[in-house]
Amino acid sequence: MKIYDDKHIKNIVLVGAHNSGKTTLAETMLFEAGLISRRGTVEGKNTVSDYHELEQERGASVFATPLHTEWRNYKINIMDTPGLDDYLGEILSSIRVADTIVTVINARNGVEVGTEIIWNYIDKYNKPTLFVINQIDHPTASFEDSLRGIRNLVGNNAAQMQYPIKVDGAQGIIDVLKMKMYKFSSEGGKPEKFPIPDSEMERANALHNELVEKAAENDEELLELFFEKGTLTEDEMRQGIKAGMLHHELFPVFCVSALQDMGSGRLMGFIDNVAPAAADLKPEQTLEGDTVEPTPEAPTTLFIFKTLQQPNVGQVTFFKVKSGVVRVNDKLENSRTGESETLNQLFIMDGKKRIAVNQLVVGDIGATLKLKDTETNDTLHAAPKAVTIRPIAYPQPRTKKAVWAVNQHDEEKLAEALKKIHSQDPTVTITYSSELKQQILGCQGELHLANIQWLLEKVYGVEARFEAPKIAYRETINRSSSSSYRHKKQSGGAGQFAEVHLKIEPWEEGMPEPEGFNIRGKEEVELPWGGKLVFYNCIVGGVIDLRYLPSIKKGILEVMESGPLTGSYIRDVRVMVYDGKMHSVDSNDISFKIAGSHAFKEAFLNAAPKLLEPIHQLTVKVPEDMMGGVMTDLQSRRSLILGMDNKDHFQILKCATPEAELYGYSTSLRSLTQGKATFSSAFASYEVVPDNIQKELVKG
Ligand SMILES: Nc1nc2c(ncn2[C@@H]2O[C@H](COP(=O)(O)OP(=O)(O)O)[C@@H](O)[C@H]2O)c(=O)[nH]1
Ligand SMILES: [Mg+2]
């Protein structure tokens, strides 16, 4: 394998909605570059990219797959990503290491919700981006609709490079940068090149001039040249387009048929000649505040953007070389662990195929095996001082499930497997809730969950059961109440004696001090589960010794950890201990703890106790004409509508919905809107559970 320098390495990522044709385009690019002699198809389950058994079972990409091509002195690394937003983690990892983002649009559907979701991320990253309108061969394709959709995203910054036409019944493409017409044969093979026919000259010229102006806008020198000559050469245009892409102010638009291999060679030529290379990118700031210079001379820095567990192979660690050169047997330090890792083998990966190499230079993407303790988002470095590349920010989980091993003796195996799945895919989170006494798995949606289950069974050999997690209710009181309790036990030798009188009241921030008491002391306890216990010492005349007060408080806190209604945490109560009795011999800490807890429990049950439930704020983006169904569904989920906003053809709806009603919402919203709506949710507050529901819950 030839060694490429940083000026001749380009990393692209194919992103776009599910089924837009990314995997097919990747296959065609490999074929065009001569890396494969036959093109596989997604239906035939024989593409290089969708090689994983899980992907073949699903008939679609699930993982991001790094591929590479060599094309006219350039090495182009291609990351093929899945299109569904359940797999956002895979998409974000790939975008992070790409120099150019290729957004694939399905000309049959135009810009889809999936495209928009990904676009929102691309826009944040500010990376050079081009659009490819695919499937132009399809009878229902509309290039114009797709172009309009792209303009909705990037406005006037879309730079049309091509448009499709029919030439004597065959597919053609007019290229307005090169000012040529390509005609494709249905048998495949290289296209024939023609001058632009007279009938298309006016349109092609207008678009060419538009492109010249757009190219000139991004470079002072070019702008002057343009004013002088009234036009630019092809090379000058390339220079201007590249500058515009680097500023994120120009977005070239191409058209292709990936399936029939039309236009893909031209697209690759453009990527070779114009798309920015690794050497064009800016130096990166590290978390330590230093700069990583993207040059071959700098000390080696590798950023781990992905790891994958492969049967019979173990963990494959994918990295991008951020500076320097990495060679076989290099020892590098992991800045998170401080431990040294030896890179015994270096590879270029093409789907499941590994090609061993001796070295990789800055800008390139590669993989290694058998690292000791290196995870996604880690940095490996040769520099004496720690270097940590800014980590990829993964989205928060959108779905949560309680998870158990079906066979109890598999619990440990399950925990190990989930840990490995998380280290491969950080959008899968695992936490143990000591409150709910459940292991909680967080992920991006139902499909994501189905894949996690598949991996657990097929790769890790452990069967897991998933259920809706319990709801973390809280208990509190509505009014004040007093009670007293005497604990007395006489058994043989020393007895137990304690008597406690107390009053409890609902507590809220800023309320005045309780009246009618002689307040001697006050302690505000911040409860670990939210809210407060405010504990007052109002003992008069030393009827209870001061040293017993902590025991009384302990007894109360014990009840607060498992409330009398449903066993949930109690919050926002104040307690005034104002009277009691002790015994010079029989009183002790234990006795006061017991008396305190009983007195509190009794007072609590008489203080109109109520349940609180977690409420989430939801933001739902719905196409206008689907608003009715979505609203009805939300109302049946006890939602309080907080507001609505118009944006393009969408309504942005904000509402407050109880967590208990959110179970399965993503599936329900998808089926109500054919996947055209999106939503996000975040915990907002605890609110009182309606009486009828509280009755049900307390009964259970
Ligand atoms: N007619 C036509 N179909 C295509 C084209 N590209 C992809 N497809 C089909 O669209 C479906 C989805 O393709 P795939 O590459 O898996 O899309 P991905 O989800 O973006 O990776 C498959 O059935 C492909 O055969 C194209 O250019 N023309
Ligand atoms: Mg795919």
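**Entry 1: ligand 1.** I found an N or O atom in the side chain of Thr23 at 2.9 Å from an oxygen atom of ligand 1. A backbone N or O atom of Ser20 lies 3.2 Å from an oxygen atom of the ligand, and a polar backbone atom of Ala258 is 3.0 Å from an oxygen atom of ligand 1. I noted that the protein covers 91% of the 570 Å² of accessible area that ligand 1 has on its own (Shrake-Rupley method, 1.4 Å probe).

**Entry 2: basis.** I record that this is a predicted model, in which local features need pLDDT of at least 70 and side-chain atom pairs count only at pLDDT 80 or more. Residues are numbered from 1 along each chain as its sequence is written, and side-chain values use heavy atoms, without hydrogens and water.

**Entry 3: strand E4.** I turned to strand E4, residues 100–106, and found seven of its seven residues buried (under 20% relative accessible area, 1.4 Å probe, protein chains only). Strands here are DSSP runs of at least two residues, helices of at least four. In a regular strand the side chains alternate between the two faces of the sheet. I saw that Thr100, Val102, Val104 and Asn106 are buried on one side of E4, and Ile101, Thr103 and Ile105 on the other.

**Entry 4: neighbours of E4.** I checked pairing, which requires at least two DSSP bridges between strands. Strand E1 (residues 9–16) pairs with E4 in the parallel sense over five bridges, and Val15 has Thr103 as its bridge partner in E4. E4 also pairs in the parallel sense with strand E5 (residues 129–134), over six bridges; there Val104 stands opposite Val132.

Notes:
Chains are lettered from A and ligands numbered from 1 in the order in which they are written. Buried means under 20% relative accessible area, exposed over 50%, partly exposed in between (1.4 Å probe, protein chains only). A polar contact is a pair of N or O atoms within 3.5 Å; within protein, one must be able to donate a hydrogen and the other to accept it, and residues adjacent in sequence count only if both atoms are side-chain atoms.
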